[in-house]
Amino acid sequence: MLMQMRGKRVCVPRMPGCFILDLRRVIIRKSGDGLSSRELERYRRQLMLAGFTLEHQKMLKDSTVLVAGVGGVGGTAALYLAVAGIGKLDLVHAGRLTPSNMNRQILMRSSRIGESRVAQAKNAIEAINPDVAVEIHDERLTPVLADTLLSGADAALSGRPNFHERRVLNECCVRKEIPMVEGAMNAMEGYLFTVIPFKTPCLNCLYPEDNPEWEELGFPVLGAVSGVLGCLMALEAIKVLTGFGKPMTSRMLVFDLQGMDFRKLKISRDRDCPVCGHGRPEDSASPPGRPSLAK
Ligand SMILES: [Zn+2]
């Protein structure tokens with residue numbers, strides 16, 4: 001029945017809410033160029049997405065993402081990049097698993113408390129999707145490590161709970177012109193935006209100063225909240241890597257899950273930003289300013 005309707009958009013009435021299929025993509029998918037039959041079957045349901053093609057899937061397979069942090073945010077993001085079919089993950093996170101990590105760090109196992117977290121993350125991801133290559137770095141993100149890893153990366157995810165490592169990643173991503181997804185949360189609130197170096201605001205444009213009162217492990221976390229943010233960050237990375245969908249660039253998503261309040265704010269580059277303010281001459285930096293409500 002599907003083959004008889006190739007090239008046409010058809011409505012399948014028995015699906016919930018009248019589901020639309022673009023059958024041209026179904027035909028293309030049959031070629032499987034660059035993807036194994038196992039991969040085609042694994043990703044079959046996402047290849048049904050309108051506008052998400054075999055080419056997008058191959059882009060994911062050919063991509064490397066640096067994930068700074070495998071905790072409640074970064075671990076969730078890494079997991080969803082893995083199940084989506086990312087080619088390679090570089091995971092950076094120092095330290096061993098503690099019981100208080102277990103309310104949110106979904107790649108970890110209680111039986112392995114006291115062991116390296118990135119090692120557990122690698123094991124968990126490889127068990128879920130053996131087609132994903134995972135390299136691990138059980139250390140803090142330093143400028144040297146960031147520079148080395150980003151030399152082979154297509155995008156980076158910022159999921160560390162301290163200003164220093166976030167700024168290291170932001171500076172290095174801007175300098176090497178690699179997109180970075182920035183996400184942070186505190187209690188029931190969070191924010192998300194994507195940095196396209198010299199095109200959209202970087203972290204330093206918006207937050208040029210650290211909060212001296214911030215304690216790295218001193219804020220409340222509910223796993224479902226960090227998980228929501230991690231999923232959103234994975235989605236942003238997929239968009240940036242493939243061109244599928246519209247990422248949060250020059251806009252910031254802020255949310256308060258206490259009342260399920262989601263808002264999008266306009267954000268602007270700071271011409272005087274010491275990280276990205278001296279970009280290329282063709283840059284069209286907007287006047288600096290804190291986030292304002294987007295339309
Ligand atoms: Zn900047």
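**Notebook: strands, helices and core of a predicted model**

**Entry 1. The parallel strands.** I began with strand 3 (residues 64–68), which pairs with strand 4 in the parallel sense over 5 bridges. I took two strands as paired if DSSP finds at least two bridges between them. Helices (H or I, at least four residues) and strands (E, at least two) are DSSP runs, numbered from the N terminus. The model is predicted, and local features need pLDDT of at least 70, side-chain atom pairs count only at pLDDT 80 or more, while totals for chains, interfaces and linings use all residues. Residues are numbered from 1 along each chain as its sequence is written.

I then looked up a residue pair across these strands and found A68 opposite V92 in strand 4. Strand 4 (residues 88–92) also pairs with strand 5 (residues 133–137), again in the parallel sense, over 5 bridges. There, the bridge partner of L89 is V134 in strand 5.

Which helices belong to β-α-β units with strand 4? I noted that strand 3, helix 4 and strand 4 make a right-handed unit. Strand 4, helix 5 (residues 117–128) and strand 5 make a right-handed unit as well. A crossover is called right-handed if, with the strands pointing away from the viewer, the path from the first strand over the helix to the second runs clockwise.

I checked the cover of strand 4 and recorded that 4 of its 5 residues are buried. A residue is buried if 20 or more other C-beta atoms lie within 10 Å of its own, exposed if 12 or fewer, and partly exposed in between, with C-beta atoms placed from the backbone.

**Entry 2. The whole chain.** I recorded 9 helices and 11 strands for the chain. Of its 295 residues, 39% count as buried. Among contacts with a separation of 6 or more, 64% are between residues 24 or more positions apart. Two residues are in contact if their C-beta atoms, placed from the backbone, lie within 7 Å.

**Entry 3. The nonpolar core.** Which residues touch the most other members of the largest nonpolar core? I found V65, A78, L89, A156 and A237, in a core of 69 residues. Helix 9 gives the most to this core, with 10 residues. Such a core is a set of buried Ala, Val, Leu, Ile, Met, Phe, Trp, Tyr and Cys residues joined through C-beta atoms within 7 Å.

**Entry 4. Helix 3.** In helix 3 (residues 54–61), I found H56, Q57 and L60 buried. Seen down the helix axis, the buried residues fall within an arc of 100 degrees, so they line one face of the helix. The arc is that of the directions from the helix axis to the C-beta atoms. These buried residues pack against helix 4 (74–84) and helix 9 (223–242).

**Entry 5. The antiparallel strands.** I next turned to strand 8 (residues 189–195), which runs antiparallel to strand 9 and is joined to it by 4 bridges. G190 stands opposite F255 in strand 9. Strand 9 and strand 10 pair in the antiparallel sense over 6 bridges, and F255 has F262 as its bridge partner in strand 10. The hairpin of strand 9 and strand 10 has 4 residues between the strands, and in this hairpin M260 takes a positive phi near 55 degrees.

**Entry 6. Loop residues.** I looked up E177, which lies in the loop between helix 7 (163–176) and strand 7 (180–186). E177 has a positive phi of about 55 degrees although it is not a glycine. With 13 C-beta neighbours inside 10 Å, E177 counts as partly exposed.

S250 is in the loop between helix 9 and strand 9 (251–256). S250, not a glycine, has a positive phi of about 60 degrees. S250 is partly exposed, with 18 other C-beta atoms within 10 Å.

Is D270 buried or exposed? I found D270 buried, with 21 other C-beta atoms within 10 Å. D270 is in the loop between strand 10 (261–266) and strand 11 (292–293). Its C-alpha atom is separated by 5.1 Å from that of C205, 65 residues apart along the chain.

Lastly, I placed E216 in the loop between helix 8 (203–206) and helix 9. E216 is exposed, with 11 other C-beta atoms within 10 Å. Leaving aside neighbours within four places in sequence, E216 is in contact with P161 and N162. The C-alpha atoms of E216 and N162, 54 residues apart along the chain, are separated by 5.4 Å.
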